[in-house]
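Visitor: I would like a close look at a single part of this model, together with whatever surrounds that part. Please take me through it slowly, and give the cut-offs behind each term as you go.

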Amino acid sequence: MYTDIPKSFWAYDAILKLAEYGIISGYEAGSFRPDLPITRAEFAKIMSLIPDIEYNPQNDSSFLDVSEDK
């Protein structure tokens with residue numbers, strides 16, 4: 001599916017499964033760019049689209065750049 005992820009890549013199956021469900025998508029020309037860091041917004045989108053994930057707003061955040069009241 002993605003031209004820059006070999007089948008031997010450690011997250012190959014997970015990436016394909018998330019793509020199959022429409023939770024993630026790659027970049028132009030069929031690339032995925034697995035070495036790019038994920039942004040907080042990308043991570044939040046992924047987590048919000050994964051089925052059967054329970055959200056607990058009482059969990060503590062370890063983000064140092066966001067105040068506790070946000």
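Guide: The second largest pocket has 19 lining residues, and those nearest its centre are I24, F32, I38, E42 and I46; a pocket here is an open set of points on a 1 Å grid over the protein atoms alone, where a 1.4 Å probe fits and protein lies on both sides within 12 Å along at least five of seven lines, and lining residues have an atom within 4 Å of a point. Two or more residues of that lining come from each of α1 and α2, helices being DSSP runs of H or I with at least four residues, numbered from the N terminus. The volume of the second largest pocket is about 500 Å³, a volume being the space filled by probe spheres set on the points, which are joined across faces, edges and corners. By residue class, the lining divides into 15 nonpolar, one polar and three charged residues, where Ala, Val, Leu, Ile, Met, Phe, Trp, Tyr, Cys and Pro count as nonpolar, Asp, Glu, Lys and Arg as charged, and the others, Gly among them, as polar.

The model is predicted, so local features need pLDDT of at least 70 and side-chain atom pairs count only at pLDDT 80 or more, whereas totals for chains, interfaces and linings use all residues. Residues are numbered from 1 along each chain as its sequence is written, and side-chain values use heavy atoms, with hydrogens and water left out.

F32, named above among the residues nearest the pocket centre, also takes part in ring pairing. The whole structure holds two aromatic pairs, a pair being rings of Phe, Tyr and Trp (its six-membered ring) with centres within 6.5 Å, called stacked when the planes are under 30 degrees apart, edge-to-face when over 60 and tilted for the rest. Y2 and F32 form a tilted pair, because their planes meet at 50°, with the ring centres 5.0 Å apart. This pair links distant parts of the chain, since Y2 belongs to the segment before α1 and F32 to the loop between α1 and α2, 30 residues apart. Both Y2 and F32 are buried, where buried means under 20% relative accessible area, exposed over 50% and partly exposed in between, with a 1.4 Å probe and protein chains only. The other pair, F9 with W10, is tilted as well, at 5.8 Å centre to centre and 40° between the planes, and W10 counts as exposed because its relative accessibility is 77%.

S31 is counted as buried because its relative accessibility is 11%. Leaving aside residues up to four places away in sequence, S31 touches Y2, T3, D4 and G26, a contact meaning heavy atoms within 4.5 Å.

R33 belongs to the loop between α1 and α2 and counts as partly exposed because its relative accessibility is 33%. R33 lies over the face of Y27, 4.2 Å from the ring centre, the criterion being NZ of Lys or CZ of Arg within 6 Å of the ring centre and within 35 degrees of the ring normal. Although not a glycine, R33 has a positive phi of about 60°. A29, also not a glycine, has a positive phi of about 60° and lies in the loop between α1 and α2, where A29 is exposed because its relative accessible area is 75%.
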